[in-house]
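This report looks at one strand, the strands beside it and the core it contributes to. Please keep the sequence and the structure in view while reading.

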Amino acid sequence: MASGDPWVGFTVRQTPSGLSVQVREIVDGSPAESSGLRKGDELVSLNGESIGSLRAFRAALTRLVRVGSVLQVQYLRPDPAGGPAVAHSTEIRVGDKLMLSARSSATSARGLSGRRGSSGSVSSSMSMSMSASASTATLPKPKP
């Protein structure tokens, strides 16, 4: 795998219940956006590792995220009509933030604006290569 500054482009926060981690922000043009993740999605696991707290999320990122790696993400998306949350899975190919910065600088040098997002609390704000395949199924919320 390549070395560099890993980037997938989303931030998370602990939910008020303290039982899960929720996507707080998705960076425009990021691998996370391309994968279909949305603000408000609750992360269930990364590569099969349960994510129930910010501590677990940080630990999983430390072990799993490398430029060029593929993250298998399982998450719950709330039903806007108030029904049960729907379970989804997707893959995110981790990109290189340094490559994104170089591309943004080159774009700016040509007089064009680069797409950038802001970071938040816990950031997995990490780049460009995206392999997205998603599936959905209705499942009950996981127990802590």
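Two strands count as paired if DSSP finds at least two bridges between them. The structure shown is a predicted model.

## Strand β4 and its neighbours

Strand β4 covers residues 42–46. Its pairing with strand β5 (residues 49–50) is antiparallel and has 2 bridges. Here leucine 46 stands opposite glutamate 49 of β5.

Strand β4 also pairs with strand β3 (residues 21–26), again in the antiparallel sense and over 2 bridges. Glutamine 22 has glutamate 42 of β4 as its bridge partner. Strand β6 (residues 70–77) runs antiparallel to β4 and is joined to it by 4 bridges. In this pairing, serine 45 stands opposite glutamine 74 of β6.

## Burial of the strand

Buried means under 20% relative accessible area. In β4, 4 of the 5 residues are buried, so the strand is largely enclosed by the rest of the structure.

Threonine 11 lies in strand β2. Threonine 11 counts as buried because its relative accessibility is 1%. Between the C-alpha atoms of threonine 11 and glutamine 22 the distance is 8.6 Å, and the two are 11 residues apart in sequence.

Strands β4 and β5 form a hairpin with 2 residues between the strands. Asparagine 47 is in the loop between these strands. The phi angle of asparagine 47 is near 50°, a positive value in a residue other than glycine.

Is asparagine 47 buried, partly exposed or exposed? Its relative accessibility is 32%, so asparagine 47 counts as partly exposed.

## The nonpolar core

The largest nonpolar core has 22 residues, and Phe10, Leu43 and Phe57 have the most contacts inside it. The elements that give two or more residues to this core are β2 (10–14), β3, β4, α2 (54–64) and β6. Helix α2 supplies the largest share, 5 residues. In soluble globular proteins, nonpolar side chains tend to be buried together.

Which residues does leucine 43 touch, leaving out those up to four places away in sequence? They are Phe10, Val12, Val21, Val23, Ile51, Phe57, Val73, Gln74 and Tyr75. Among these contacts of leucine 43 are Phe10 and Phe57, which are also listed with Leu43 as having the most contacts inside the core.

Definitions and conventions
Residues numbered from 1 in each chain as written. Predicted model: local features only at pLDDT ≥ 70, side-chain atom pairs only at ≥ 80, totals over all residues. Heavy atoms only, no water. Buried < 20%, exposed > 50% of the residue type's maximum accessible area, 1.4 Å probe, protein only. Core = buried A, V, L, I, M, F, W, Y, C linked by side-chain atoms within 4.5 Å. Contact = heavy atoms within 4.5 Å.
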